[in-house]
Amino acid sequence: MTEPATDSTEAAQATAEPDFLKVAGLHAGYGQARVVQGLDFSVARGEVCAILGPNGAGKTTTLRALCGMVRGRGSVTLNGTELLGRSPEQTARLGVAHVPEGRGTFNDLTVEENLRVGAHLRTGRWRRDGRTERTAVAADLERVYGYFPKLRQRSRQAAGSLSGGEQQMLAIGRALMLRPSLLLLDEPSLGLAPLVTRELFEIVRAVNEEERTTVIVVEQNAQLALDVAHRAHVLEAGRLVLSGPSQEIREDGQVAEVYLGVSVRSGKGG
Amino acid sequence: MSAVTELLQQVVEGVGSGAVYASLALALVLIHRFTGIVNFAQGELAMISTYVAWQLVASGMSFWLALPVTLAVSFAGGMLVERIVIRPVQNAPELTMVIVTVGLFIFVNAMAGLIWSFTVKDFPQPFPDGGIDLGGVRVDWSSLGIIAVVAVVMSLLYVLFQHTSVGLVMRAVAGNPASARLSGIRVGRVLMLGWGLAATVGAVSGVLVAPVLFLEPNMMGGVLIYAFAAATLGGFDSPVGAVVGGLLVGVAETLAGAYVDVIGADLKVGVPLVIILAVLLVRPQGLFGRAAVERA
């Protein structure tokens, strides 16, 4: 395995804290259905990591186990702190921001209110530094509007009236308001036009580069995800079948076979 | 008295009783927004709050001191009900939860009877006798008082929900609890808060209606039906609808009693039932509610 030689800072980051997120022997599922069956992988601080695989491979379940939406066995540590056994509201407090599949925006709330809910953990009255924190939240609103200018135009509009792409932007923006150290994106491209998805991934790349936020993105659209991700893991039937730098994965014939090439070979999937 | 002033007189009285319905309907709507069910015990919770107020006044406290104390007790009581009775079944099917509230209804009713007996108690009228004359329309101080108290409560709730960070968090939880969790909101605590608020708003209706109806454990049974009609008319997911619905139901009830001979005073209770039926047939989501749209 070779580090991508094109980007030396990236390699430096990866070696600095290679086990920022460490997943070991992760099993997870719903009731009797065991969806994820023994995953081991690490994500370095500041890295964008893609989890790829066909429908039902356990990508979403993996992501949900990380944030506490589904229960998992094994071990998941973020910066040395165990995440398993915690509820989503607890992992959020540890800096994990999960953007769920289907976006999960608060449709009745305005765009700006959605973003403020995202900053909820930081603005509580009980905080002694509440005032400085409120200024910081105002600055973060600007920061998010900077990434997503469309959200600024619609800041007073109900989130439910936004287009799918705008809602996905809002969901990511809300997650950023948490100032997360780990951002989890579940199928951000779902139901979006290719152009919108591309724009979205460019913003994710910008966020990662400017804030060094570690990102894990689960995607069906492998091409797109591999363009942004530094590393990728390919899942099939709840197990890792391939891991490596994005470039290698892209060029690997096995991925084309297992995953990308399905439509080419059978001529019908998509 | 001319026909017009006669009509206005009826409308004013209708608004007075409508304010009480609005208050209990708002409690129902709050619970529906937060927990997704109709709480059949809402009236009984208001009834027991009213007994608390009665007990405080009977032991020598002034009404206007007893009122805030009662509301505080109701708030705590509502939070306890959520934590102890509702939380254990919150992931159960809706029907299970509704039946739990029916059980709560029977339990609270029986407890009130056990503690305070089923004999009727005289509840003090907090507002002065008499009223004012507005161009031939006589408005009792008691009606004005009820309207004023309900208006103050509604305004406070509006400010809480629209202009405070706690209110924002509560609206977020009502809209999408799963996403609220992902933003680090402790949803359980917010639901307790919601039930506490609902119990408080409901208590206002009980305390205001008690001087008119006299206090006994079954006092709120009839009021609950009017509140159901109000919430159905306004839309079960709309707080504004609950208030408008409450006032409309109050006015409709008074007008029907005064102008429709067949109905009179005895059959007035049929009015809310007719309203419920008509709304469900014509516009099931109510005036301000949104029709349920399922994404395909």
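## Confidence in chain A

This is a predicted model. Chain A has a mean pLDDT of 85, and 84% of its residues reach 70 or more. Over residues 1-9 of chain A, the pLDDT is below 50. Beyond near neighbours in sequence, that stretch has seven contacts in the model.

Residues 261-270 of chain A also have pLDDT under 50. For these residues the model has four contacts beyond four places in sequence. Where pLDDT is low, predicted coordinates should not be read in detail.

## The six-strand sheet

Chain A has an open sheet of six strands with mixed pairing. The strand order is β6-β7-β8-β3-β9-β10. At its edges stand β6 and β10 (239-245) of chain A. Each has a single partner strand, so one side of each is left without a neighbour in the sheet. Direction ignored, neighbouring strands of this sheet are turned by 15 degrees against each other on average.

Strand β7 of chain A spans residues 182-186 and is mostly covered. Five of its five residues are buried. Leu182(A), Leu184(A) and Asp186(A) point one way from β7(A). Leu183(A) and Leu185(A) point the other way.

β7(A) pairs with strand β6 (residues 96-99) of chain A in the parallel sense, over four bridges. Within this pairing, Ala97(A) has Leu183(A) of β7(A) as its bridge partner. β7(A) also pairs in the parallel sense with strand β8 (residues 214-219) of chain A, over five bridges. There, Leu182(A) stands opposite Thr214(A) in β8(A). The chain gets from β7(A) to β8(A) through helix α9 (residues 194-211) of chain A, and this β-α-β crossover is right-handed. Another facing pair is Leu184(A) and Ile216(A), the latter in β8(A).

## The four-strand sheet

An open sheet of four strands in chain A has the order β2-β1-β4-β5. Its pairing is antiparallel. The edge strands are β2 (33-43) and β5 (81-82) of chain A. Each has a single partner strand, so one side of each lacks a neighbour in the sheet.

Strand β1 (residues 21-30) of chain A is joined to β2(A) by eight bridges, and the two run antiparallel. Leu26(A) has Leu39(A) of β2(A) as its bridge partner. Helix α2 (residues 59-67) of chain A lies across β1, β2 and β4 (72-78) of chain A. The helix runs at about 110 degrees to β1(A).

## Contact between chains A and B

How many residues of chain A are in contact with chain B? There are 22, and they meet 15 residues of chain B. α3 (88-93), α4 (111-118) and α5 (120-123) of chain A each supply at least two residues of the side that touches chain B. By class, this side of chain A has nine nonpolar, seven polar and six charged residues.

## Val243 in chain B

Val243(B) is found in helix α10 (residues 239-259) of chain B. Is Val243(B) buried or exposed? Val243(B) has 26 C-beta neighbours inside 10 Å, so this residue counts as buried. The cut-off for buried is 20 or more.

Not counting residues up to four places away in sequence, Val243(B) touches Ala22(B), Leu26(B) and Met154(B). Val243(B) and Ala227(B) are 16 residues apart in sequence. In space they are 9.8 Å apart, C-alpha to C-alpha.

Conventions: Residues numbered from 1 in each chain as written. Chains lettered and ligands numbered in written order. Predicted model: local features only at pLDDT ≥ 70, side-chain atom pairs only at ≥ 80, totals over all residues. Contact = placed C-beta atoms within 7 Å. Nonpolar A, V, L, I, M, F, W, Y, C, P; charged D, E, K, R; others polar. pLDDT = per-residue confidence, 0-100. Buried ≥ 20, exposed ≤ 12 C-beta atoms within 10 Å, placed from the backbone. Pairing = 2+ DSSP bridges. Right-handed = clockwise from strand over helix to strand, strands pointing away. Axes fitted to C-alpha atoms, helices over the stretch in contact; angles between N-to-C directions.
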